[in-house]
Structure formats: C-alpha cells, structure tokens
Amino acid sequence: MKVAFAGTPDFAATVLRALAASDHEVGLVISQPDARRGRGRKTRPTPVARLALDFELPLRQPARISEVSGEISDHDALVVAAYGQVLRPDTLYAGKEGAWNVHASLLPKYRGAAPVERAIMNGERQTGVTIIRMDEGLDTGPMASQRTAEIPPDMTGGELAELLARLGAEAVIEVLDQIETGRINLTEQDSLNATYAPKLSDEDLVIGWDRDVVEVANLVRALSPHIGARTFHPELEGPVKIWRARISDRETLVLEAGAIRTENGRLLVGCGAGVLEVLELQMPGAQRLATQDFLRGNALRGAFDG
C-alpha cells in the first residue's frame, strides 16, 4: 500500500522508521513545523522531519494538516502517530482507506494526549498500544489491533514510550497488511468504560510533597527523561527538576512533607507518607547532576515548597 504518515516526536519517528523498512510505500511524511528549542532558541527539525530528510522522503510541515489533504488523497491510507493536531473530516477521510492511529494505550482507557505519562503517574502495571480507524471523536474509532505491555516498577516514561512505539509499529504494519488483503476486522470500543489522559499542564509537573511517596516516585519516573518533575525552594529562583528518584529504604526515618535531609552523599525528602531519595537533579540554569556529584560542591537545606 502507498501510505501517508503524520507524526512529530520520537515515538512517531520509531513508527515511521519501521514503516519505511516495510513492504508498504511511504509516499508522504507530514510533521509539525520546526520549533525553536534550547537556550539559543535555534530552529530544529522535529524527530519525524529529521528522519524523513535522512530517508529522502517527501516532507510537508504545514501549520494545519488540512492544507495537505489533497496530497493525502493520492494515498491508500494515512497513518497517524502522535502528530499533535486534531484532524478534520477532510483529512480523516482523504485516503482511500481512511486514517489509522497508533495510540499508546489499551483503548478505551487513556484516550487523549498523554497516555504514557498518565499510566505511570497512576501506578498502572500494564498498558499497551491500540491501532484504530480514526473518526471525528477523541480516540473513539473502532479498533483493528491491540498489544499489551507490562510496566516494571522502575520504568520511565521515555522507556515506556519507546517500547510502545516499537509495538505500535509492528501492529500498524500488520493492520496495513490486513487492509491490503481485505482481512481487516474492526471492533467497536466500549465507551462506557473510557478513561482520559489529558495533555499535561504546568501544575501536573509540580511535585506535591504532601502526597504518598509512591505517588511522588511515579510522577518522577513518568516525566523522565524529557519533561522533568519539578519542585521549588524558597532560596532559589526557578524550578528544581528531579530526574531520577526512588523510595527510600530508611523505613524508620520520618521527615515532614518537603523537608530535606542530606547524609553520606544522599538527598532525602519527606513526603506525606514515606521518604523519597533523589538520585539525579537539576538546579535552575544548571546541568543535570547525580546527587552525589551535586552534594560534593553544593548544599541544600530547609524544605521544598509544597
């Protein structure tokens, strides 16, 4: 089949790489416009755009995907993976076989923009990927394939996203094969059991130290390694990002919520119940450091806000 592909981040690039290596032809790649990133505010291509350029695939980066719906109509299907825009009917139905989404959850659970992070934040032990034929709802289309994945207690959001991208790539290629041979079988979702994973807000990224230590540890790993859970200290301007942490094995130690204790190269912070050990952090305007390296030349006392 000749397919168009729409996606933006690393998750989508993993899917595109597998599609490009498959028996299906990728005739068009669509990604979000390049954004300015980093301290120098330099324009950098999205991971999907960069891969398309490397593979010498036709690339479009319109402000709205509907601007290229006419080009999509020259293809058998549109494959979508974490593109980042709502598709209108003129785009959804442009391809002869419609649009097919690689969604990083076991639908109907975790419909929405942040299924990977929300699953870890909520302490889920299992998730997966679903291929749906897209309709005009929010991840409500009929399902063509599902694959499950376990979430180990120490898995980060980045690691889970990469695992699901690989599973999703395998699944969507299988679905395209089924469409091509007329063997596709669709199952309607049970919307009564749907849950939602809305886009992460700034408030979602801030650690509430009055929460149970398990919740705090889950938040840290859900937002690692690209977003970063953050907290604030009254003596610092800007957020402190915590990139890695674990539940302290000091079962008899009790600290007030947010209270900081350093000992033997370890940084411990009290939670509503339990104590978190910070393993890697980043001070405002500084680089990430392992806690032991940070404490060799710096002191951190008092308590974090919240």
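Which residues in α1 meet which residues in α6? Point 2 takes this up.

1. Basis. This is a predicted model, in which local features need pLDDT of at least 70 and side-chain atom pairs count only at pLDDT 80 or more, while totals for chains, interfaces and linings use all residues. Residues are numbered from 1 along each chain as its sequence is written, and side-chain values use heavy atoms, with hydrogens and water left out.

2. Helix contact. From α1, Phe-11, Thr-14, Val-15, Ala-18 and Leu-19 meet Ala-161, Glu-162, Leu-164, Ala-165, Arg-166, Ala-169, Val-172, Ile-173 and Leu-176 of α6 (contact means heavy atoms within 4.5 Å). By class, the contact has eleven nonpolar, one polar and two charged residues. Here Ala, Val, Leu, Ile, Met, Phe, Trp, Tyr, Cys and Pro count as nonpolar, Asp, Glu, Lys and Arg as charged, and the others, Gly among them, as polar. Helices (H or I, at least four residues) and strands (E, at least two) are DSSP runs, numbered from the N terminus.

3. Helix geometry. The axes of α1 (residues 10-21) and α6 (residues 157-181) are 8 Å apart, and the packing angle is about 40 degrees. Axes are lines fitted to C-alpha atoms, for helices over the stretch in contact, with angles from 0 to 180 degrees between N-to-C directions.

4. Aromatic pair. The structure holds one aromatic pair. Trp-209 and Phe-304 are stacked, at 5.7 Å centre to centre and 15 degrees between the planes. Rings of Phe, Tyr and Trp (its six-membered ring) pair if their centres lie within 6.5 Å; planes under 30 degrees apart count as stacked, over 60 as edge-to-face and the rest as tilted. Trp-209 is in the loop between α6 and α7 (213-222) and Phe-304 in the segment after α8 (291-297), so the pair ties together parts 95 residues apart in sequence.

5. Second largest pocket. This pocket holds about 320 Å³ of space. Of its 17 lining residues, Pro-153, Asp-154, Ala-217, Arg-221 and Ala-245 are the closest to its centre. The elements giving two or more residues to the lining are α7 and β11 (240-247). The lining divides into eight nonpolar, four polar and five charged residues. On a 1 Å grid over the protein atoms alone, a pocket is an open set of points with protein on both sides within 12 Å along at least five of seven lines, a cavity is a set where a 1.4 Å probe fits but cannot get out, and lining residues have an atom within 4 Å of a point. Grid points are joined across faces, edges and corners, and a volume is the space filled by probe spheres set on the points.

6. Cavity. The search of the whole structure gives one cavity of 30 Å³ or more. The largest cavity is lined by Arg-64, Ile-65, Ser-66, Gln-85, Val-86, Leu-87, Arg-88 and Thr-91.

7. Backbone. Leu-107 and Pro-108 are joined by a cis peptide bond, with omega about 15 degrees. Another cis peptide bond joins Ser-224 and Pro-225, with omega about 10 degrees.
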